[in-house]
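Biologist: Could you walk me through reading this one, starting with the record's annotation and then the packing?

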Amino acid sequence: MNSNVENLPPQVLRLVYKEVSALAADPPEGIKIYPSEEDITELHTAIEGPEGTPYAGGVFRMRLVLGKDFPAAPPRGYFLTKIFHPNVGHKGEICVNVLKRDWKAELGLRHVLLTIKCLLIHPNPESALNEEAGRLLLEDYKEYASRAHLLTEIHAMGGTSGAPQEPADGPQPKKHAGDPNKRVAGAGLATMAAGVNNSNSSSSGTSSSNTNIIAKKKTDKKRALRRL
């Protein structure tokens with residue numbers, strides 16, 4: 001979606017920047033704000049699923065888009081996280097009165113975010129974008145809650161993808177087994193040890209040879225004395 005920064009008057013951009021900065025510094029409870037430095041007209045948020053609802057335990061990413069007529073016209077809201085809810089369409093679009101006929105320029109973005117969070121607590125089946133969710137909410141709340149909670153578990157809960165994995169059962173390889181530097185160091189030590197052994201063997205052989213030469217010289221000398 002194209003940015004509307006160039007389409008909004010400077011005074012409106014200043015007001016938006018001021019409000020977004022205040023939201024980021026002091027966000028509503030259970031809502032995190034992720035302002036964009038490149039495009040102040042698109043605000044990304046994360047809403048925690050309220051306790052006591054099928055959305056509890058989930059974190060739902062959402063964005064607000066400010067059009068060229070803001071604040072005369074309301075922002076548009078979209079859930080980026082898949083959710084089973086009567087007032088959220090299949091493409092994530094949000095249907096709530098504050099984003100339509102009940103909008104007033106003085107309400108501000110904080111009021112919009114709180115209203116959308118309240119929508120997770122009190123869905124409105126009368127203005128359903130997801131007709132199946134709206135029908136189940138009215139006719140079979142248990143089934144509605146089960147479907148909503150299932151999609152929350154699948155799409156809105158973090159899981160263990162970033163957690164350290166536990167070691168597998170069975171014997172573990174030595175820590176340096178896969179380290180090429182350790183293998184090279186080990187090979188170097190083995191070579192040095194072999195060199196020392198060879199050197200010792202060589203020294204031992206040389207010493208033994210010198211002893212034999214001396215003994216031979218003594219024997220030759222004795223033989224020469226006998227001849228005299």
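Modeller: UniProt positions follow the numbering used here, feature names are shortened, and annotations may be inferred rather than shown by experiment. In this case the unreviewed UniProt entry places "active site" at Cys95. This is a predicted model, where local features need pLDDT of at least 70, side-chain atom pairs count only at pLDDT 80 or more, and totals for chains, interfaces and linings use all residues. Residues are numbered from 1 along each chain as its sequence is written, and side-chain values use heavy atoms, with hydrogens and water left out.

Biologist: Where is cysteine 95 found?

Modeller: Helices (H or I, at least four residues) and strands (E, at least two) are DSSP runs, numbered from the N terminus. Cysteine 95 sits in the loop between β4 (76–79) and α2 (108–121).

Biologist: Does cysteine 95 count as buried or exposed?

Modeller: Buried means under 20% relative accessible area, exposed over 50%, partly exposed in between (1.4 Å probe, protein chains only). Cysteine 95 counts as buried because its relative accessibility is 9%. Cysteine 118, at 42%, is partly exposed.

Biologist: Which residues is cysteine 95 in contact with?

Modeller: Contact means heavy atoms within 4.5 Å. Leaving aside neighbours within four places in sequence, cysteine 95 contacts Asn87, Lys100, Leu119, Ser127 and Leu129.

Biologist: How many disulfides does a search of the whole structure find?

Modeller: A disulfide is a pair of cysteine sulfur atoms within 2.5 Å. The search of the whole structure turns up 0.
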